[in-house]
Amino acid sequence: MRPFRYERAEDGSGAVAALAATPGAKFLGGGTNLVDLMRLGVESPDLLVDVTRLPYDRIDATADGGLHIGAGVRNSDLAAHRHVRTRYPALAEAVLAGASGQLRNAATTGGNLLQRTRCAYFQDVTKPCNKRDPGTGCPAREGEHRNLAIIGHSEHCVATHPSDMAVALAAFDAVVYILGPAGEREIPLVDFHRLPGDAPQRDTALERDELVVAVTLPALGFASNSRYRKVRERASFSFALVSVAAALDVADGEVRDVRIAFGGLAHKPWRAHAAEAALRGAPARAEAFGDAVDAELEQAEPRRDNG
Amino acid sequence: MAEYDTVTLNVNGDEYSLELDTRTSLLDLLREQLGLPGAKKGCDHGQCGACTVLVDGRRANACLALAVAHDGAEIVTIEGIAQNGALHPLQEAFVEHDAFQCGYCTPGQICSALGMLGEVEAGWASYVSHDVAAEPSLDANEIRERMSGNICRCGAYPNIVAAIEEVSS
């Protein structure tokens with residue numbers, strides 16, 4: 001690992017200023033992905049600005065009945081929160097579907113959103129990768145891609161976003177709050193992560209010196225009727241082949257409203273607008289759910305081993 | 001050139017103030033500088049759990065923890081869980097149930113189980129809990145899911161689950 005300086009930020013604006021002043025600086029959250037990438041040589045910051053002691057570690061109810069989740073809230077605390085478990089159970093389940101108990105105790109909400117793909121070529125510095133080293137090519141297209149993207153990928157990158165948590169947040173219309181040198185701004189979570197296009201090195205809409213400070217969830221009554229389900233290659237502690245967060249509002253056998261997002265399919269958590277449109281007003285029967293998934297996957301372009 | 005920073009830690013009840021290369025993981029600090037080799041280096045990527053220790057009462061992978069980021073933390077390792085010379089009930093149960101073969105993963109398994117039982121005590125659900133809003137009830141299936149961050153390449157899982165189940169009941 002390359003040597004780096006370490007600083008502990010005193011407040012949010014100080015953290016942002018430190019990043020702006022040092023081109024090779026990065027924020028340090030729980031470190032569960034960043035420290036690993038530094039050990040692999042994928043990341044080699046000159047300076048780590050530790051943001052884990054900033055006052056972004058609370059979950060608060062909002063005036064409109066939603067939740068305000070500080071970016072420093074540990075994944076385990078998010079999943080254990082009473083309101084998350086009762087009002088947004090798919091979010092608690094999604095967090096609990098990710099990683100291990102040890103990692104969830106360290107990983108933060110902001111860090112979870114900003115974790116990098118687990119594409120094997122990205123993590124192996126001896127291999128070309130457009131995301132890690134733009135312009136070098138994408139060996140995953142013809143190589144090992146059975147866990148990689150089938151929707152929204154490009155000739156430059158077929159990586160997937162690995163988060164489970166972000167899939168549930170996408171389904172629930174979460175908003176990401178960001179602090180930068182010019183002040184605060186907000187981005188809907190579904191626009192926070194990017195599709196790869198011709199710039200797969202950019203995972204998100206975040207600028208280098210911007211800090212995620214919070215995620216908010218709007219009130220959604222039927223989110224209490226939601227689940228997260230994940231298919232993977234072993235029973236636990238593995239990334240998704242595919243996962244789904246779904247909330248359903250059913251009355252008199254008919255789907256009144258629905259929220260669906262998929263994980264493991266794309267470079268970003270995939271909000272399934274086509275499937276939702278197909279289901280609204282449809283009978284709440286297995287056939288309708290199958291048809292809705294087919295409607296969403298019409299745009300899928302699987303590669304050799306992931307169709 | 002290496003960069004240094006100072007850190008004060010409490011490890012198993014003892015205070016240490018140290019000047020460290022910023023790259024030092026908590027695991028390497030424990031093993032190489034503090035003479036506590038109980039936490040093991042398996043994968044060094046947070047995937048095997050052999051390095052599990054308790055940080056401020058919570059289980060964590062010491063391999064992915066930068067020591068300088070844990071100033072003021074209280075660390076408990078496998079060397080610190082016996083009390084007054086008597087083995088911890090989890091240690092007793094692992095011996096009783098023959099919950100290991102080579103023993104390399106065992107310190108991490110026991111520290112992880114200790115942290116996990118605290119999580120259940122605090123009412124945390126798991127992915128296999130039928131209802132995440134309900135109080136958890138620990139059974140073998142719950143133990144397997146909650147302990148999935150600890151790999152045992154000898155495959156002593158049935159006896160590890162039995163040992164933890166005995167202590168939890």
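This is a predicted model: local features need pLDDT of at least 70, side-chain atom pairs count only at pLDDT 80 or more; totals for chains, interfaces and linings use all residues.
Residues are numbered from 1 along each chain as its sequence is written.

Let's start where the chains touch. In chain A, 43 residues are in contact with 41 residues of chain B, contact meaning heavy atoms within 4.5 Å. Together the two chains bury about 3400 Å², 50% of it on carbon and sulfur atoms; buried area is the accessible area (1.4 Å probe) that two parts lose on being put together, summed over both. Arg39(A), Arg85(A) and Gln102(A) supply 21% of the area that chain A buries against chain B, more than any other three residues.

Charged groups take part too: there are three salt bridges between chain A and chain B, each a side-chain nitrogen of Lys or Arg within 4 Å of a carboxyl oxygen of Asp or Glu. Arg58(B) forms a salt bridge with Asp77(A), with the closest N and O atoms 2.6 Å apart.

Now turn to α5 of chain B, residues 157-168. Helices here are DSSP runs (H or I, at least four residues), numbered from the N terminus. Within α5(B), Ile160(B), Val161(B), Ala163(B) and Ile164(B) are buried, that is, under 20% relative accessible area (1.4 Å probe, protein chains only). The buried residues of α5(B) pack against α2 (89-96), α3 (106-121) and α4 (140-146) of chain B.

Conventions
Chains are lettered from A and ligands numbered from 1 in the order in which they are written. Side-chain values use heavy atoms; hydrogens and water are left out. Helices (H or I, at least four residues) and strands (E, at least two) are DSSP runs, numbered from the N terminus. The expected span of a helix is 1.5 Å times one less than its number of residues. Buried means under 20% relative accessible area, exposed over 50%, partly exposed in between (1.4 Å probe, protein chains only).
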